[in-house]
Amino acid sequence: MTAPTATTARRLVSQRVALVGADGALRVGPACVDLEGARIAAVHDAPTSAPPPAEGAVVEDLGDRLLTPAFVDAHTHVALTALRGLSVPEDADRNLVEDFFFRIETAMSADDVRAFARMGAYEAILNGTALVWDHYYRANAMVAAFRDVGIAAVLAPTVQDVAGPGIGQLEEALAATIAIGGDAALADAGVFAAFGPHATDTVSPTLFLRIAGLAEQHALPVHVHVAQSLDEVERVHERHGISPYELLARSGLYDAAPRTLLIHNIFATSAELAALPRERVALGFCPHSKQIFAWMPDVGTWQGLGLPWFVATDCAASNDATNVQRDLRAAAGLRTAGLATSAAHRAFVAEGGVERARAAWDERVRERAATRWLGDTTALLSRVWSVPGGLHPAFRAGVIEAGALANLCVWDVEHPAFWPGRDPLRALAMSDTTNALVNVMSAGRWLGEHGRYHASVVGSDAYREARVEATRRLAEVEQRVRG
Ligand SMILES: [Zn+2]
């Protein structure tokens with residue numbers, strides 16, 4: 001399978017392009033977007049006054065179709081799509097990652113990983129995601145899978161030296177991170193690297209120190225799970241007498257890496273969050289995954305402290321899906337999530353009466369007023385566009401502006417999911433519009449055919465072959481695990 005190649009120069013013209021206005025708010029207006037290879041070369045606000053397109057450029061007029069940045073899903077394990085439906089909710093009672101995932105992951109070969117990752121990547125692109133920050137084993141197989149499907153990615157090859165399936169691949173994973181991060185041809189194809197220490201209980205303080213040095217030397221971000229399980233908190237306390245956040249702070253990671261992505265943050269105290277350097281970190285929030293693995297983290301505190309945070313899917317294992325729009329909607333729903341357990345509502349449930357009903361409703365009014373930051377369209381979309389698109393020093397994504405990766409979605413705003421189409425950006429933030437995708441571009445390449453996007457991807461020989469191979473390999477892996 002080969003990925004479609006990028007045409008060198010092209011211009012996209014649309015009457016509805018999602019751009020950032022002078023006030024920082026998103027707006028929709030007519031524009032010409034000039035592309036050069038994998039990047040956006042220039043954006044001209046008014047098509048009538050735009051300079052002529054570059055010599056030999058292909059011009060595509062999208063008419064009234066809406067052109068937006070494609071979604072960025074900044075915490076994924078696309079290969080774990082293979083585990084969807086294999087787990088039962090009871091598995092989550094203790095530590096799903098170790099009890100269940102590690103056992104199966106140990107049985108996967110590099111070719112298995114490539115086959116499974118392709119399926120997760122296909123699901124992502126069919127949902128409008130053109131860039132994932134993925135954390136996984138078998139770096140070369142993962143890069144091959146991204147290129148097979150044509151999705152841009154920041155791969156963090158998973159490293160572990162205390163526990164986990166990656167122990168035997170430690171040196172290989174570090175070397176692969178450095179090699180991918182320095183590969184100009186891969187960067188042209190939209191594939192970048194980050195360092196991927198797994199978590200604070202599977203990576204030793206010594207290895208964290210070493211990664212901090214390497215991240216500084218190679219100017220690569222660090223992508224790490226932190227405070228995601230009770231086991232992690234207990235082990236780090238038992239071994240080192242400190243919390244997961246103290247362990248990370250002592251490694252010097254935040255000063256050394258251009259950016260550290262901290263994923264999950266379930267067991268994070270206010271003091272630990274307040275001590276994080278805002279310019280050097282970004283916090284990952286995966287709502288559906290957390291509903292299964294643990295519970296929703298305290299995003300209100302992150303927001304109150306001014307910490308940058310983004311919304312991501314984590315993985316399709318355990319009832320999740322690689323559809324970050326769905327997770328964004330779940331994040332927006334946090335505005336009233338605590339009210340059922342509020343004292344005011346509890347009092348009404350116990351004793352009833354109009355006064356108590358009014359008190360519960362007053363609580364809702366206060367909560368809504370205190371969470372306006374979750375109601376604003378520009379702010380919501382920033383969690384899957386500009387915030388996760390701005391975390392790597394080698395590129396920008398999630399915005400339509402000169403220099404950014406050409407990662408774009410074209411939407412049919414006449415589709416029922418957008419109708420009557422008066423505020424299409426609000427629909428992107430709050431609705432499920434994936435069926436209205438006309439096409440998706442990743443790193444300058446269209447991933448399907450205009451107007452029959454889903455059918456052209458799912459109906460392709462490449463997809464069919466990928467699915468058949470992944471299905472066969474999954475059956476073989478299951479057989480090996482069961483012995
Ligand atoms: Zn994860």
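Cys 32 is found in strand 2, which spans residues 26–36. In this predicted model, Cys 32 counts as buried because 22 C-beta neighbours lie inside 10 Å, where 20 or more are needed. Ala 50 is 18 residues away from Cys 32 in sequence, and the two are 7.2 Å apart in space, C-alpha to C-alpha. Across the strands, Val 13 stands opposite Cys 32.

That last pair takes us to strand 1 (residues 9–20), which runs antiparallel to strand 2 and is joined to it by 10 bridges. The two strands form a hairpin with five residues between them, and there Gly 24 takes a positive phi near 90 degrees. Strand 1 also pairs in the parallel sense with strand 4 (residues 58–61), over four bridges; here the bridge partner of Arg 10 is Val 58. Strand 5 (residues 66–69) runs parallel to strand 1 as well, with two bridges joining them, and Val 17 stands opposite Leu 67 in strand 5.

Let's step back to the domains. The protein chain is divided into domain 1 (9–70 + 398–451), domain 2 (71–332) and domain 3 (339–374). Taken over C-alpha atoms, the centres of domain 1 and domain 3 are separated by 42 Å.

What lies between domain 1 and domain 2? The largest nonpolar core has 141 residues, and those with the most contacts inside it are Ala 121, Ile 125, Met 142, Ile 151 and Leu 155. Helix 2 (residues 110–126) supplies the largest share of this core, 10 residues. Because domain 1 and domain 2 both give residues to the core, it lies between them. For a closer look, take Leu 155: leaving aside its neighbours within four places in sequence, Leu 155 is in contact with Asp 134, Ala 139, Met 142, Val 143, Ile 180, Val 191 and Ala 193.

Next comes an open sheet of four strands, in the order 11-12-13-14 and with parallel pairing. Strand 11 (222–226) and strand 14 (309–311) stand at the edges with a single partner strand each, so one side of each has no neighbour in the sheet. From one strand to the next, the twist averages 25 degrees. The pairings are listed here.

| Strands | Sense | Bridges |
|---|---|---|
| Strand 11 and strand 12 | parallel | five bridges |
| Strand 12 and strand 13 | parallel | four bridges |
| Strand 13 and strand 14 | parallel | three bridges |

Individual residue pairs can be followed across the sheet. Val 226 has His 264 of strand 12 as its bridge partner, Thr 260 has Val 281 of strand 13, and Phe 285 stands opposite Val 311 in strand 14. Strand 12 (residues 260–264) has five of its five residues buried, so this strand is largely enclosed by the rest of the structure.

Which residues of helix 8 are buried? In this helix (residues 244–251) they are Pro 244, Tyr 245, Leu 247, Leu 248 and Ser 251. These residues cover an arc of only 160 degrees around the axis, which means that they sit on the same side of helix 8. Their packing partners are helix 6 (205–218), strand 11, helix 7 (230–240), helix 9 (253–256) and helix 10 (270–274), and strand 11 is also an edge strand of the sheet described above. Just after helix 8, Gly 252 takes a positive phi of about 80 degrees.

Definitions and conventions: Residues numbered from 1 in each chain as written. Predicted model: local features only at pLDDT ≥ 70, side-chain atom pairs only at ≥ 80, totals over all residues. Pairing = 2+ DSSP bridges. Axes fitted to C-alpha atoms, helices over the stretch in contact; angles between N-to-C directions. Domains from an automatic or database assignment. Buried ≥ 20, exposed ≤ 12 C-beta atoms within 10 Å, placed from the backbone. Arc of directions from axis to C-beta. Contact = placed C-beta atoms within 7 Å. Core = buried A, V, L, I, M, F, W, Y, C linked by C-beta atoms within 7 Å.
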